[in-house]
Amino acid sequence: MPANGKLVRITLAFAAVAAVAVTATGVASARQANTSISGAGSTFVAPLVSAWINPVANQLHINMSYNAIGSGGGIAAIQGRTVDFGASDAPLTPSQFAGCVVGGVHCLQIPWALAGTAVIYHLNGSGLPVHLKLTGAVLAGIYLGKITYWDNKAIKAINKGVKIPHTPIVVVHRSDGSGTTYNFTDYLSHVSATWKSRVGTGTAVSWPTGEGEAHSSGVAAAVVSTNGAIGYADVDYALVNHLHYAAMQNRSGKYVVPTLATIKAASNLDTKPKVDGSLSIVDPPNEGNNYVNAYPISTYTYIIVPQKTAKAAALKKLIGWAITKGQAYGKSILFVPIVPKIVTFDQGQLAKISN
Amino acid sequence: MSTLDPTTDPTRRPFSGRRVRLGDLILQAVAGAAAVGAIVLLGLIGYKVVQGAKLSLSTFGLGFISHVGWDPVHLRYAAGSLLFGTAVTSLGALVLATPLALAIALFLSELAPAGIRGPATALIETLAAIPSVVIGLWGIFVLGPLLQGHVDPALHSVLGFIPLFGPAQYASNIFTAIVVLTIMILPIIASISRELFLGVPAELKEAALGLGATRWEMVRGVILPYTRSGVAAAMILGLGRALGEAIAVAQVIGAFDNGFGWNIFNTGDTIAAKIAVQFLNVGSPSELSALFYLALILLVFSLVVNFAAQLIVRRLAHRQGLAT
């Protein structure tokens with residue numbers, strides 16, 4: 001019937017217009033939609049990256065997702081190009097750099113955050129200070145299995161006047177590959193020749209003694225449950241979980257705990273990254289007043305990106321923001337803002353990224 | 001024997017002759033493809049593992065199996081203490097779990113009041129459904145500290161003269177791993193045994209009771225021998241699960257790869273746990289290849305255990321067949 005036919009035609013016309021309108025807005029909003037960037041790696045830097053997700057989405061229109069599977073996992077992921085960036089606390093070895101070459105495209109290593117590793121412990125006793133004092137030599141002795149009781153002569157000599165109970169030391173370390181382990185063993189290799197020759201530095205090493213736990217959460221759980229336990233975890237972890245941590249003696253003779261100021265003091269040791277982008281700031285030497293307040297177990301952590309990538313523009317925007325505005329988000333979780341010299345180096349690295 | 005010709009049989013629908021043959025064909029093809037696919041998958045996995053292990057096989061050879069020590073910094077890898085840890089934890093779990101599981105199965109099949117049986121069975125089978133990660137988490141936050149605080153020192157003070165129960169220091173140790181594995185394989189053995197016990201013919205049980213046997217004598221003399229081969233198969237199934245359990249064990253075993261020791265309160269490590277914990281974090285191709293070598297050892301180990309299981313089950317069933 002003609003009336004129905006007209007109605008049908010009008011309805012169809014409206015439907016067509018509506019469909020076109022919806023598609024147009026769909027296309028328009030797709031153009032304004034956020035780019036996605038995915039990353040994986042270090043658990044050490046995970047709290048800072050998490051703090052960045054919202055501001056990055058709002059200010060840069062980038063949807064960042066990060067999977068904290070450990071430094072080794074991050075390196076493997078970026079080598080396989082299954083993520084847009086990898087994050088590692090341990091700098092890449094030459095063979096890992098070689099493994100990161102895909103289709104002739106190399107990877108860049110860019111230091112983007114700075115923090116420290118705390119030596120956590122659990123010791124029950126009355127009159128114990130908030131931060132027990134330890135030296136590098138004593139710490140190495142503990143982890144080598146040579147010092148087995150908390151009231152060992154060496155520990156008592158450092159903590160004069162403190163009544164330390166006769167508790168056996170239970171050594172706890174990481175069982176999985178970890179950048180925190182790298183930082184910790186790097187420090188022990190610096191302060192103990194025996195450690196350096198017998199065990200060495202690595203994301204996973206052959207521990208002479210102690211129990212291995214998976215992830216910082218495992219280490220923390222073991223330390224909390226065992227009287228006499230000693231372990232290591234990133235500083236933020238120790239703070240958030242209210243763990244006791246030691247005051248470590250630096251080369252200048254001072255006993256320091258990890259704080260924004262002491263980690264920053266350590267970072268003054270190395271402000272010129274090597275060609276591959278790595279920096280070493282553990283165990284700063286005794287040079288007058290230079291590193292008097294330095295915390296000796298500090299470390300940079302790195303982002304690893306391919307030099308040629310389809311997401312070059314977004315990555316450059318993201319990293320450029322992270323090393324400048326993003327650093328402010330780290331202060332409350334004990335990530336020290338990286339110094340201008342490093343920022344300049346990083347921007348030079350960023351300029352090498354292209355489509 | 002008379003067969004109706006499908007093309008002339010009036011009871012069939014028209015064209016059904018062709019359809020029946022096509023249906024059969026499709027069934028054969030799909031089922032056959034699935035079976036072949038499974039075998040091909042097994043072959044592919046085996047091939048990939050062997051390929052990955054080639055570098056380690058040539059570097060370390062068979063010494064990998066007997067030597068001890070896992071050193072990623074100096075690139076020296078060996079599976080000795082891992083194999084030892086795998087054997088100790090799996091066998092330990094089996095030794096602890098089997099009597100418990102049989103007791104549970106007996107309770108559920110013979111001794112429990114009728115009203116409890118259903119819910120109790122369901123609850124015990126739910127134990128098997130708990131994911132390994134959750135048990136690992138519970139192990140490290142609850143079980144480990146509990147054993148470390150109360151059980152380990154008590155066992156050491158009472159049984160300390162046996163090297164097995166040496167000094168206890170760690171929350172994560174071989175004993176904790178054994179307890180965790182026991183909890184994981186208990187429901188498997190218990191539920192299979194329960195089914196087996198329910199399948200024992202009533203006449204046999206009643207005959208024994210009628211002859212004046214006590215309940216326990218009936219269990220010992222009728223139920224257990226009758227279900228011998230099935231219980232053995234259940235135990236092997238549990239052993240298989242214990243051998244391969246990676247995540248839960250990794251959380252509670254303490255990752256010690258540098259020696260053998262008889263003290264179950266010392267830290268240790270198993271092959272599966274090592275692979276699970278290190279696989280994502282390999283720093284070099286040689287470490288990756290060493291992990292593949294570990295995987296190869298575990299594969300071969302599991303195949304041998306399965307093969308031995310089939311032999312045992314067949315031998316026990318054969319004997320029982322002759323007896324009845």
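The model is predicted: local features need pLDDT of at least 70, side-chain atom pairs count only at pLDDT 80 or more, and totals for chains, interfaces and linings use all residues. Residues are numbered from 1 along each chain as its sequence is written, while chains are lettered from A and ligands numbered from 1 in the order in which they are written.

**Where the chains meet**

- In chain A, 29 residues are in contact with 29 residues of chain B; two residues are in contact if their C-beta atoms, placed from the backbone, lie within 7 Å.
- On the side of chain A that touches chain B, the elements giving two or more residues are α3 (71-79), β7 (211-213) and α9 (215-225) of chain A. Helices (H or I, at least four residues) and strands (E, at least two) are DSSP runs, numbered from the N terminus.
- With four residues, α9(A) gives the most to this side of chain A.
- The residues of this side comprise ten nonpolar, 16 polar and three charged. Ala, Val, Leu, Ile, Met, Phe, Trp, Tyr, Cys and Pro count as nonpolar, Asp, Glu, Lys and Arg as charged, and the others, Gly among them, as polar.

**Strands in chain A**

- Strand β1 (residues 35-41) of chain A pairs with strand β2 (residues 62-67) of chain A in the parallel sense over six bridges; two strands pair if DSSP finds at least two bridges between them.
- Ser38(A) has Ser65(A) as its bridge partner in β2(A).
- From β1(A) the chain passes through helix α2 (residues 46-60) of chain A to β2(A), in a right-handed β-α-β crossover. Right-handed here means that, with the strands pointing away from the viewer, the path from the first strand over the helix to the second runs clockwise.
- β1(A) also pairs with strand β3 (residues 85-88) of chain A, in the parallel sense over three bridges, and Gly41(A) has Ala87(A) as its bridge partner in β3(A).
- Another group of three strands forms an open sheet in the order β5-β10-β11 (chain A), with mixed pairing. Its edge strands, β5 (133-134) and β11 (255-256) of chain A, each pair on one side only.

**Helix packing**

- Two packed helices are described by the angle between their axes and the distance between the axes. Axes are lines fitted to C-alpha atoms, for helices over the stretch in contact, and angles run from 0 to 180 degrees between N-to-C directions.
- The axes of α2(A) and helix α12 (residues 312-322) of chain A come within 11 Å and cross at roughly 125°.
- α2(A) and α12(A) are therefore oblique to each other; angles under 35 degrees count as roughly parallel, over 145 as roughly antiparallel, 65 to 115 as roughly perpendicular and the rest as oblique.
- Trp52(A), Val56(A) and Leu60(A) of α2(A) make the contact with Lys317(A), Leu318(A), Trp321(A) and Ala322(A) of α12(A). By class, these residues are six nonpolar, no polar and one charged.
- In chain B, the axes of helix α7 (residues 202-210) and helix α8 (residues 215-226) come within 9 Å and cross at roughly 160°, which makes α7(B) roughly antiparallel to α8(B).
- The contact of α7(B) with α8(B) has six nonpolar, one polar and one charged residues.
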